[in-house]
Amino acid sequence: MSGTIKVLNVAEKPSVAKSVSGILSRNQALRVRDGRSRYNRIFEFNYSIRGQPCHMLFTSVTGHLMELEFEDRFRKWHSCDPLDLYHAPVRKFVPEDKLDIKRTLEEEARRCQWLVLWLDCDREGENIAFEVINVCRAVNRHLTIRRARFSALIDREIHHAMQNLIDPNPWFSDAVDARQATMLLWHFIFLEGPVFDICIRQLFGYVYGGYDSPNTCKSLKKLNTHNREIDLRIGASFTRFQTMLLRDKFVIDSATDDRNLVLSYGPCQFPTLGFVVERYWEVQSHEPEEFWTINCSHRTDEGVATFNWMRGHLFDYTCAVIVYEMCVQEPTATVTKVQHKEKLKYPPYPLNTIELEKRASRYFRMSSEHTMKVAEELYQAGFISYPRTETDCFSSRTDLHAIVQEQQGHPDWGSYAQRLLDPETGLWRNPGSGGHDDKAHPPIHPTKFSTGENGWSQDHRTLYELVVRHFLACVSQPAVGAETSVEIDIAGELFSASGRRNYLDVYRYESWGGSMIPTYTVGQQ
């Protein structure tokens, strides 16, 4: 190849554009200038893609570039019947606050030969990528379109992505629209009678070209293509319908102006509300019933053992009292059974987004929103992989040992990392699989060593530590513990207790329940 080509690179956020530009240029001869949007700057530097000299222009969007809306004559509430919204034309447009970004893309795309997309490598990112493609191709239909796939803002990942560009995936983009198809069914589970019938017929008439259309494959393809439209149509039509129908039926104390009161319908919130209401009904309909149980404890020099009644409980108070009095009158307990067995506690699966949020909430009382904010900052600084992933299994291509090696110098868990890498300890175990793979990103894992950075809050330190310790735990052998079960007989009634010993060296957030149990022998009284 000869001659330098101009390459327009587009990231999903300004911070990612800045980070990737710094990595690719190695912060040498990196020039920065303003675009039309003052928040989305343009970084310029030279680079070589598989031997091809390139002049790189790197800018960004800020999430979705386009929105859907109805044409003007359908946007006023009383301009049409809510049912008409299922057939009203919609248009895709760039909103006012994104026009400067669009102008920047158009200006830069006109003088470039390549467009490389650095949007987040999930389905949402792919959908935004095709919005960028549409804007850029409208002004330069000769652009070569390529896609960079990456999961961490670190040198080896970014350079590998740049040298191994792929084609953008239209199926992933379509999946953003199609993923709501299942939720669509829930919308109607909570509707009954004529409202359900009218709305479902209007919806299927729009999507399928007929309520009883046999063209299943064509219908599903059309459903995938138009699901964002369906979401808009359902949300708008039901919001107008229920607001106009119910606004005068209730007194809402928080409403300051009845004319502006909106009873909003949310495609996600509505089915969730159904679950909440269903659970509320279950709680309200529950009729509690009293029951009685007998517990006993035994104190020795080794500690206290609490024994549970093997009958569980009785609903008959008189019977429970009679059994209790029998035990009190003959309080000597005889050990009838002692059983020792080895117990294994398996390490957690590799970390995905939901587990990160759950564990941060459970261990540190961090909200999901705050957890993801901190995780996103750690990712953008290159310390952890992309934090929004459904994947909980590592690919065979992932060099797990290299990730552990980077952690050997840490003062807290470095020695454990060294033991993991020592074959003589037998501590290493390839991580289990949780069975989920979004085909976009690996599980969340550390990508850069740190003992804490200047400017990190305590939450940054805590979350980074959780990610590292979780990774080290998931490549470890199960914790081994010994469980002892003891049964005793008091006046013919059987009671049981159990206790454990175990170790969890690196994953200090978890432990086995159960207390230490004193030593017992069969026949002991």
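Predicted model: local features only at pLDDT ≥ 70, side-chain atom pairs only at ≥ 80, totals over all residues.
1. K373 belongs to helix α12, and its C-alpha atom is separated by 9.8 Å from that of H460, a residue 87 residues apart from K373 along the chain.

2. As a setting for the points that follow, the chain holds 15 helices and 13 strands. Of its 525 residues, 43% are buried. Among the contacts in the chain with a separation of 6 or more, 73% are accounted for by residues 24 or more positions apart.

3. Helix α12 covers residues 368–380 and helix α15 covers residues 458–474, and their axes come within 10 Å of each other while crossing at roughly 80°. The two helices, α12 and α15, are therefore roughly perpendicular to each other. On the α12 side the residues that meet α15 are H370, T371, V374, A375, E377 and L378, and on the α15 side their partners are D459, H460, L463 and Y464. Sorted by class, this contact of α12 with α15 has five nonpolar residues, three polar residues and two charged residues.

4. Turning to the rings, the count of aromatic pairs comes to 14. In one of them, F58 and W118, the ring centres are 5.8 Å apart and the planes stand at 45°, so the pair is tilted. Together with F150, the residues F58 and W118 form one aromatic cluster.

5. A further aromatic pair is that of F307 and Y520, which is edge-to-face, with 6.0 Å from centre to centre and 75° between the planes. Here too distant parts of the chain are linked: F307 is in strand β10 (residues 303–309), whereas Y520 is in the segment after β13 (493–501), and the two residues are 213 residues apart. F307 counts as buried because its relative accessibility is 1%, and Y520 is buried with a relative accessible area of 8%.

6. R91 lies over the face of F93, at 4.8 Å from the ring centre. K448 lies over the face of F383, and in that case the distance from the ring centre is 4.6 Å.

7. When its neighbours within four places in sequence are left aside, S37 is in contact with D100, I101 and T104.

Terms used
Residues numbered from 1 in each chain as written. Heavy atoms only, no water. Axes fitted to C-alpha atoms, helices over the stretch in contact; angles between N-to-C directions. Helix = DSSP H or I, 4+ residues; strand = E, 2+ residues; numbered from the N terminus. Parallel < 35°, antiparallel > 145°, perpendicular 65-115°, else oblique. Contact = heavy atoms within 4.5 Å. Nonpolar A, V, L, I, M, F, W, Y, C, P; charged D, E, K, R; others polar. Phe/Tyr/Trp six-rings, centres within 6.5 Å; stacked < 30°, edge-to-face > 60°. Buried < 20%, exposed > 50% of the residue type's maximum accessible area, 1.4 Å probe, protein only. Lys NZ or Arg CZ within 6 Å of the ring centre and 35° of its normal.
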